[in-house]
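This report describes selected features of a single protein chain. The sequence and the structure are shown first, and the commentary follows.

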Amino acid sequence: GTEYIIKLKPAIIEKEGRTVLIYPSQREELVEDALRKIAVNGGGYLIEGKAGVMFSLYELRGELASTGHTFSEAEIKEAIMVCRGATLECQSLNGDSLISSSFFPMIGLTSREKYVNVKGDTRCYVQFNPMVTESILGLTFRQYSYKKAMKLSSPLARYIYKRMSHYWSQAAQDAPYTPSLVSFLEQSPRGLSVRMPENIRAMKNALDVLVNENVLSDYDAERIKDGRATADVRYTIRPTADFVSQVKAANHRAKQVKLMDMKQRVKAGKNADL
């Protein structure tokens, strides 16, 4: 029930002999997701209580290419530098700062010359945002289909898919998801446009992508009128059997993780008593 204000500040980057301001966008989201995948696959490290990942640029570039996203080494490096420089601030309404940090508070990148000439696999390091570490340590993360998310062509569709995967823990084909257009887009990275037809079109395009990718079976859209104008749209979204199975698997995995954590805490307590 607590409301917060989220502020995003751009990174200051030196590019082609001039200083530019760059906000993180779809490219940076894809790079971060790929790095999280590498972390899950064995590259993750917890250093002084902070979550990060060791990788090579070749490895990261290959991971992105395997999901249909081809970037040059220079583009990947720039994306990492944008995540290093861009700041995410979360404040309570009274102005007290809850958290203020860059997306990647610490990075270690190898120069291209060293990367090309040094024999063996030259490693790089990225430290994730403190909220990622908080989620890992607090076990509040949830399993979702990384391949499905990376395949989605629409950034808004990807956001909807991730949000449904994280919050719709009771997904069922007979229990539809019922978001409203205005509140949903206000909370999304896209935001709410001034012109309602643009909002309706963006949401329709994103939902159609999710239908085509077998995440949603279908959906209905009920327009809420203010006189002759559309003030809002209430959606009734029905998942596919595949998505419901994915959510059930995520619920089972979450229970397993918490049970394992509880057993480890009990074991650690017993060892301490001994």
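## Residues with positive phi

In which loop does Glu48 lie? Glu48 lies in the loop between strand E4 (44-47) and E5; helices (H or I, at least four residues) and strands (E, at least two) are DSSP runs, numbered from the N terminus. The model is a predicted one, in which local features need pLDDT of at least 70 and side-chain atom pairs count only at pLDDT 80 or more, while totals for chains, interfaces and linings use all residues. Residues are numbered from 1 along each chain as its sequence is written, and side-chain values use heavy atoms, with hydrogens and water left out.

Most residues other than glycine have a negative phi. Phi of Glu48, however, is near 50°, a positive value. Glu48 is exposed, with a relative accessible area of 74%; buried means under 20% relative accessible area, exposed over 50%, and partly exposed in between (1.4 Å probe, protein chains only). Asn214 also has a positive phi, of about 65°, although it is not a glycine. Asn214 is found in the loop between H9 and strand E10 (216-226) and is partly exposed, with a relative accessible area of 36%.

## Nonpolar cores

The largest nonpolar core has 32 residues, and those with the most contacts inside it are Leu35, Phe55, Leu60, Leu64, Ile80 and Phe128. Such a core is a set of buried Ala, Val, Leu, Ile, Met, Phe, Trp, Tyr and Cys residues joined through side-chain atoms within 4.5 Å. At least two residues of this core come from each of strands E2 (11-15), E3 (18-22), E5 (50-55) and E9 (124-127), and from each of helices H1 (26-43), H2 (57-66), H3 (73-85) and H6 (146-151). H1 supplies the largest share, six residues.

Beyond its neighbours within four places in sequence, Leu35 is in contact (heavy atoms within 4.5 Å) with Val53, Phe55, Leu60, Phe104, Val126 and Phe128. A second, separate core of 31 residues includes Tyr161, Met164, Tyr177 and Leu207.

## Aromatic pairs

The structure holds six aromatic pairs. Rings of Phe, Tyr and Trp (its six-membered ring) pair if their centres lie within 6.5 Å; planes under 30 degrees apart count as stacked, over 60 as edge-to-face and the rest as tilted. The rings of Phe104 and Phe128 have centres 6.3 Å apart and planes at 65°, so this pair is edge-to-face. The pair links distant parts of the chain, 24 residues apart: Phe104 is in the loop between strand E7 (97-102) and strand E8 (106-108), and Phe128 in the loop between E9 and helix H5 (130-138). Both Phe104 and Phe128 are buried.

Ring pairs also link Tyr144, Tyr161, Trp168, Tyr177 and Phe243 into a cluster.

## Helices and their surroundings

The axes of H1 and H3 come within 9 Å and cross at roughly 95°; axes are lines fitted to C-alpha atoms, for helices over the stretch in contact, and angles run from 0 to 180 degrees between N-to-C directions. H1 is therefore roughly perpendicular to H3, the class for angles of 65 to 115 degrees. Arg27, Glu28 and Val31 in H1 meet Glu75, Glu78, Ala79, Ile80, Val82 and Cys83 in H3.

The buried residues of helix H7 (residues 155-167) are Leu156, Ala157, Arg158, Tyr159, Ile160, Tyr161, Met164 and Ser165. In helix H9 (residues 196-212) is Asn199, which is buried, with a relative accessible area of 0%. Not counting residues up to four places away in sequence, Asn199 touches Leu181, Leu185, Arg190, Gly191, Leu192 and Ser193.

Notes: The expected span of a helix is 1.5 Å times one less than its number of residues. Angles under 35 degrees count as roughly parallel, over 145 as roughly antiparallel, 65 to 115 as roughly perpendicular and the rest as oblique.
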